[in-house]
Amino acid sequence: MASSGIPATESAVGADADAATESAGAAGRSRSAGPGSTRSARPVNPKLVLLLVCVAQFVLLVDDTIVNVALPTIGDDLDFTESSLSWVTNAYFLTFGGFLLIGGGLADLLGRRRLFGISLVMFVLASAVCGIAPNSAVLIGARAAQGIAGALLSPAALAILLATFREPAERARALGTWAALTGLGAATGLLLGGALVEWTHWRWIFLINLPVGALTLLALPKVIGPDDREAVRRVPDFAGAAIGTAAVLTLVYTVVETDTHPWSSTRTLLGLGIAAVLAIGFAVRQRYAAEPLLPRALLRMRHLVLADVLVLVAAGGLFAMFFFLTLYMQRIQGWSPMETGLSFLPFSVGMGLGAAVSTKLIANRGPLLPVSVGPAVAAGGMWLMSRLDAHSSYTGHLMPALVVTGLGLGVAFVAIIHTATGGAGEGEGGVASAMVTTCQQIGAAIGIAVLVTVATNHTKDRVKSGVVQQDAVVDGFSRAFEIQAGLMGAAALLGIVVGVATARHHAARKEAGSDPLSGLT
């Protein structure tokens with residue numbers, strides 16, 4: 001790699017020790033800041049930086065789920081068909097996950113603050129179009145535009161965080177806050193969506209982004225220092241990014257469409273085949289590109305790559321859980337949108353407590369315990385959800401399941417995201433964060449698509465066998481929750497591998513005298 005590889009001065013954030021990276025670091029030491037640095041002459045308040053980037057990320061995560069409780073109303077107002085209605089959520093997941101690789105490269109090329117501002121403006125404009133959409137086609141297109149803007153904004157925000165917090169303890173706390181937003185944002189989206197639908201109009205689930213975005217834009221130049229314009233920036237492989245993006249879009253679109261085109265159909269098999277060919281092409285391109293989109297130094301870190309895979313698996317269970325529970329609460333229990341949103345508060349509380357516990361565990365004992373035990377606890381909570389029936393009580397059954405699941409995911413996600421980003425040097429912060437968020441969004445899209453197909457088919461089979469429609473629907477949900485529990489169980493096993501690989505990585509670095517983290521990342 002060129003001199004813009006991971007600088008040796010960034011060993012405090014776990015830079016890899018291979019010879020190419022170390023030689024790159026020698027050149028990096030001559031610069032006062034890495035590519036797109038947020039350093040400036042005037043001091044930056046880290047707490048305000050953390051608040052600002054977390055607000056932006058929180059809005060993106062809220063938009064993952066805020067539309068769920070509004071889908072029936074949106075469908076009636078804009079004349080959606082039953083099959084096309086799912087695209088209100090899937091269009092966002094699809095483009096968000098598909099364009100993140102490009103977003104990560106742009107964050108390192110253009111500068112973090114610059115891309116943060118540009119993408120936030122794009123997101124606000126797309127939200128405005130969603131809020132005034134006159135028909136279903138415009139709404140789906142605007143949701144796709146929201147996803148593209150989010151794919152640029154999220155890696156820029158996390159890269160700013162990584163560049164601001166360099167000390168191990170501070171970075172652990174900052175990443176703990178960031179990781180906790182995953183579940184809290186998703187649950188808050190359901191609560192906020194329910195309140196807005198019930199008290200105002202469904203269009204406000206999108207228009208609410210306008211004042212939040214405007215205030216964030218006003219605060220941006222005052223809170224975050226300008227990018228270092230003199231820094232030598234790595235020009236990412238945009239040809240490779242185009243191939244990788246096409247592979248992701250093809251894969252997710254094919255999976256999403258399995259509700260109307262079965263897995264064994266010619267269309268689905270052809271789509272999966274095209275996605276595989278594109279993925280192979282992306283891998284070949286990255287192997288031989290002079291400046292690969294995914295820095296080779298990062299890919300050599302086994303624990304980092306495994307953590308990304310873990311995010312992919314866990315996200316498939318998490319966001320599918322919200323989807324099915326929302327349907328269960330409204331269609332089976334007959335709750336209003338507001339009641340549905342309030343019902344997720346115990347999950348948010350459990351997630352927050354779990355994140356706080358995980359931060360302390362990482363600081364004292366490293367990531368092995370939280371990254372393995374957290375998913376196992378979440379699996380137990382999802383198994384409890386699989387025992388729901390049409391007459392289950394909230395306090396006696398559903399609430400305990402939500403608390404247990406939230407607690408486990410809170411413990412897990414802090415450690416997972418900490419591990420997945422802890423090896424990135426300042427110049428690769430955008431790419432490292434994009435890798436994490438790509439896995440999260442793709443996992444969510446594929447998880448929902450696959451499990452919706454599974455639940456629908458199981459419901460149809462139960463109806464054919466003579467089961468009452470309502471009970472058959474709940475049986476379909478239960479089958480989906482069982483699979484989600486299995487996914488979290490697999491994530492727990494993978495977490496053990498991630499934790500061991502992380503410990504070995506830092507043990508080797510300590511022995512070489514170049515890793516001051518002592519296993520914190």
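What follows are my entries, grouped by topic.

**Ground rules.** I am working with a predicted model, where local features need pLDDT of at least 70, side-chain atom pairs count only at pLDDT 80 or more, and totals for chains, interfaces and linings use all residues. Numbering runs from 1 along each chain as its sequence is written, and side-chain values use heavy atoms, with hydrogens and water left out.

**Cysteines.** I looked for disulfides (a pair of cysteine sulfur atoms within 2.5 Å) and got zero. Then I checked burial, where buried means under 20% relative accessible area, exposed over 50%, and partly exposed in between, with a 1.4 Å probe and protein chains only. Cysteine 130 counts as buried because its relative accessibility is 0%. Cysteine 439 is also on the buried side, at 16%.

**Helix α2.** Helices here are DSSP runs of H or I with at least four residues, strands are E runs of at least two, and both are numbered from the N terminus. What caps its N-terminal end? I found asparagine 45 there, with a side-chain oxygen 3.0 Å from the backbone nitrogen of lysine 47.

**Helix α16.** After α16 comes glycine 366, with a positive phi near 90°.

**Second largest pocket.** For the record, a pocket is an open set of points on a 1 Å grid over the protein atoms alone, where a 1.4 Å probe fits, with protein on both sides within 12 Å along at least five of seven lines; lining residues have an atom within 4 Å of a point. Points are joined across faces, edges and corners, and volume is the space filled by probe spheres set on them. I got about 510 Å³ for this one. Which residues lie nearest its centre? They are Leu101, Val248, Thr438, Cys439 and Ile442, out of 18 lining residues. Helices α11 (238-256), α12 (266-288), α14 (302-332) and α19 (429-464) each supply at least two lining residues. By class, I count 15 nonpolar, two polar and one charged. In that scheme Ala, Val, Leu, Ile, Met, Phe, Trp, Tyr, Cys and Pro are nonpolar, Asp, Glu, Lys and Arg are charged, and the others, Gly among them, are polar.

**Loop residues.** Most residues other than glycine have a negative phi. Aspartate 79 has a positive one, near 60°. I placed it in the loop between α3 (71-78) and α4 (87-98), and it counts as exposed because its relative accessibility is 65%. Glutamate 257, in the loop between α11 and α12, is buried at 13%. Its side chain makes a polar contact with the side chain of tryptophan 87 at 3.3 Å. Such a contact is a pair of N or O atoms within 3.5 Å; within protein, one must be able to donate a hydrogen and the other to accept it, and residues adjacent in sequence count only if both atoms are side-chain atoms.

**One more contact.** Glycine 131 is in helix α6 (residues 112-132) and is buried at 2%. I put its C-alpha 4.7 Å from that of arginine 203, 72 residues away along the chain.
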